Amino acid sequence: MEYFDVVDKNGQPTGKMVSRDEAHQKGLPHRTSHVWIVRSSEHGYEILLQKRSEEKDSFPGLYDTSSAGHIPAGDEPLPSALRELREELGIEAAPGQLHFIGTFRIQYERAFHGRLFRDNEFANVYLYDGPIGEMKLQKSEVSEVRWFDLEAVWNEIQNSRERFCVPKPGLAVLRDYLKEKNLHPGRD
């Protein structure tokens, strides 16, 4: 069973731990790590999105952030982000290949699989800067990965959530960072 640290209004652990089920049944605040994989394109940037497995407890079958996951109790954001990349996509990243680019909040209540799911996350966002190579997907989490034009995804999620469950604030953190730094990630 997974356990999470309950966090305060600033996203800092309070010393209390709860199970994953309890966190999502009660909407208790906890932490996650999100990793974006980006490459330059002739029109700007492309982002690698993972299609969530149909068995996921939230947003099954929709495209989401490159890699993301809950931070287990007692763990920190960076090691958690590295672990999620390795487990979900098979990417063995070094700590120096993940660049912290910001945080955002996720809060919602929605039914999935006939059950109410309450999410209340403090998300830590990283940009991956390293080789991708051949990915090995964790089938229980990810059914496929695909490159999408960043601005096309941004425009679509303003009006429709039929294909994407990418959190708007999370994609905004990435867009703002790329614009501010005027980055041009290399092609795979």
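I began with Leu78, which I found in helix H2, spanning residues 77-89 (helices are DSSP runs of H or I with at least four residues, strands are runs of E with at least two, numbered from the N terminus). I noted that this is a predicted model, in which local features need pLDDT of at least 70 and side-chain atom pairs count only at pLDDT 80 or more, while totals for chains, interfaces and linings use all residues. Residues are numbered from 1 along each chain as its sequence is written, and side-chain values use heavy atoms, with hydrogens and water left out.

I looked up the exposure of Leu78 and found it partly exposed, at 27% relative accessible area (buried is under 20%, exposed over 50%, partly exposed in between, with a 1.4 Å probe and protein chains only). Setting aside neighbours within four places in sequence, I recorded contacts of Leu78 with Pro95, Leu98 and Tyr126 (contact means heavy atoms within 4.5 Å). I also noted that Phe100, 22 residues from Leu78 in sequence, is 8.4 Å from it in space, C-alpha to C-alpha.

I then turned to helix H3, residues 150-159, where the buried residues are Leu150, Val153, Trp154 and Ile157. These lie on the same side of H3, because they cover an arc of only 100 degrees around the axis (the arc is taken from the directions from the helix axis to the C-beta atoms). An α-helix has 3.6 residues a turn, so residues three or four places apart point the same way. The buried residues of H3 pack against strand S4 (44-52), strand S9 (142-149) and helix H4 (168-181).
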